Amino acid sequence: MKNKISLNVKISLFILIPTVMIILVFGIINTIYTYKMTEEMALFIISQMAEKEIYEIESIINVELNYLNNIKYSVENLYNYNVRKREVYEDLMNRFAHEMSTNAASVSLIFFTNMIDDDSMYINNPLYQDIDGRLGVSLVKDEENNISRISLKESDLEYTYLNTTITSRKPHITTLNYYPIQGKYKPMYTYSIPIFSKDNEIIGVSSLNLSLDNIMFYEDTNGFTISLFNENGNIMYCTTDIYSIGENITNLSDVYESRDLENTIYSNNTIWKESYNEKTSSKYFNLFTPLHIFDDVYWGIELAVDSKADFFNHYKIIILVWVIITAAIIILISIIVPFIINKKVLFVMNNLNDNIMKIKEGDISWSIPEKYLNMNDEMGNMSREINNTVIYLNNLIRTIKIKSNKISANTNNISEFVNKINDLDNNDEIKQSKNLKLANNVNENLKSLLKESEDLQKIIKYFRLRE
């Protein structure tokens, strides 16, 4: 025998399952949309942060370049006006040294051989003897912003940045290097700029050393890192890995190729790429933005953002709220729907079913309540049909009862008639035979009527009619 499943359960499931499916589908779509929207917002915020970094770095570079350009123009003007006294250039550099920015650690000016007086005249001067009498001025700033002059050595003339600046005839910024400042080796960037005569010949180089603290990025607290790289792809600064400074970004980043490097730096457009870091087992969003340094020299900034960063986690709160709301809706539906079904459907159906069972038991004395008969839905139709059936059965049974009473009356009349026939004194055998035959036929019909009357009486007794 099959187990019966409650109609309440069936109807509830019929309503709940599609509803839950719709909610889940909508929830999935909402989750995807929310994630995409949050991702786009986060990437927009990151791009704005990149713009902020670019602005700050450009500001720093512009301040320092303007500073160096002022030295360049001042020296060039003096030189082109045939000023050849070293004291004038030394005094000029001393005044500029006191105007160094808080980011600068030292400033220097080095002339080529015999550009200012005869170098042999200063070969024994302690300030110039280590550089063969050439005019070289180097001024450093200590932690208390005091300016002091140091003598240059021959090794100072061998720095690569000097040769690069002279060869390129353009301003140059080095990667992070360690320079001896006041007896200590400190990490420095060096900005150098060529100085020209009126004949467009290089006569010297002015340089400015900047400490590592001059470029301040966000700390890696939100799952992203920032790298600054020059036109050759060499990393100038990195927020998370100081040891990567000086390395080429194409060797450290799987998403970068040499062609991408050139395209990014000179495109003047921000480029987005996605990568996967096997060490952290996480997807990264890489943003590359060009940075104009000077003339036709461009650098680049890379922001590598972990997809697990806080920027991308705001959608989880929205999803959690949505899950809670969905669960609450499902629970409410699970409670309310069965209650409504039980109240509005099953209660009526059970009531009607009880009345139908009364018909089976012969009780047709009841009536369907008016509130069910006045319903304008399927339950109302069913109630009215059942009520009509009960009325019809009552009328039918009453008709049967009348017919039964008539049969009973006719049966009595026939019995009296048969008795009269039997009481007749018939001397004629033929006549007696006919009467006997007639009586027998009547008796047979009488028995049939009695049997029918008994059956009708049983039916009548089985049913209990309305008053």
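This is a predicted model: local features need pLDDT of at least 70, side-chain atom pairs count only at pLDDT 80 or more; totals for chains, interfaces and linings use all residues.

A residue counts as buried when its relative accessible area is under 20%, and as exposed when that value is over 50%, with partly exposed in between.

**The big picture**

- The protein chain has nine helices and twelve strands.
- Among its contacts with a separation of 6 or more, 59% are between residues 24 or more positions apart.
- The chain's accessible surface is about 27,900 Å², and carbon and sulfur atoms make up 54% of that.

**Inside: the nonpolar cores**

- In soluble globular proteins, nonpolar side chains tend to be buried together.
- Here, the largest nonpolar core has 58 residues, and Val-107 and Leu-208 have the most contacts inside it.
- Helix α1 (residues 7–80) gives this core its largest share, nine residues.
- Apart from this core there's another one, with 15 residues, including Val-348, Tyr-372, Met-375 and Leu-393.
- What does Leu-208 touch, not counting residues up to four places away in sequence? Its partners include Glu-64, Tyr-67 and Leu-68, along with Met-100, Ala-104 and Val-107, plus Tyr-189 and Tyr-191.

**Salt bridges**

- The count of salt bridges comes to four, and three of them are described here.
- Glu-76 and Lys-72 pair up through their side chains, with 2.8 Å from N to O. They're separated by about one helical turn because they sit four residues apart in helix α1. Both Glu-76 and Lys-72 are buried.
- Glu-90 and Arg-149 form another salt bridge, at 3.4 Å from N to O. This pair ties together distant parts of the chain: Glu-90 is in helix α2 (residues 86–97) and Arg-149 is in strand β3 (residues 147–150), 59 residues apart. With 29% relative accessibility, Arg-149 is partly exposed.
- Asp-91 and Arg-95 also meet in a salt bridge, at 3.4 Å from N to O. Both are in helix α2, four residues apart, or about one turn of the helix. Asp-91 has a relative accessible area of 42%, so it counts as partly exposed, and Arg-95, at 47%, is partly exposed too.

**A helix with two faces: α3**

- Which residues of helix α3 (residues 160–168) are buried? They are Tyr-161, Leu-162 and Thr-165. These residues span an arc of only 105° around the axis, so they lie on the same side of α3.
- On the face turned away from that buried side, you'll find the exposed residues Thr-160, Asn-163 and Thr-167.

**A nonpolar patch on the surface**

- Ile-331, Leu-332, Ile-335, Ile-336, Phe-339 and Ile-340 make up a nonpolar surface patch, with about 600 Å² of accessible area together.
- Leu-332, one of that group, is in helix α6 (residues 314–360). Leu-332 counts as partly exposed because its relative accessibility is 48%.

**A loop residue to look up**

- Ser-197 is in the loop between β6 (184–196) and β7 (202–211).
- Is Ser-197 buried or exposed? Its relative accessibility is 13%, so Ser-197 counts as buried.
- Setting aside neighbours within four places in sequence, Ser-197 is in contact with Tyr-79, Asn-80 and Ile-203.

Conventions. Residues are numbered from 1 along each chain as its sequence is written. Side-chain values use heavy atoms; hydrogens and water are left out. Buried means under 20% relative accessible area, exposed over 50%, partly exposed in between (1.4 Å probe, protein chains only). Contact means heavy atoms within 4.5 Å. Accessible areas come from the Shrake-Rupley method with a 1.4 Å probe; for residues, only the protein chains shown count as cover. Patches are made of residues with over 30% relative accessible area and no salt bridge: like charges are joined within 9 Å, nonpolar side chains (Val, Leu, Ile, Met, Phe, Trp, Tyr) within 5 Å. The arc is that of the directions from the helix axis to the C-beta atoms. A nonpolar core is a set of buried Ala, Val, Leu, Ile, Met, Phe, Trp, Tyr and Cys residues joined through side-chain atoms within 4.5 Å.
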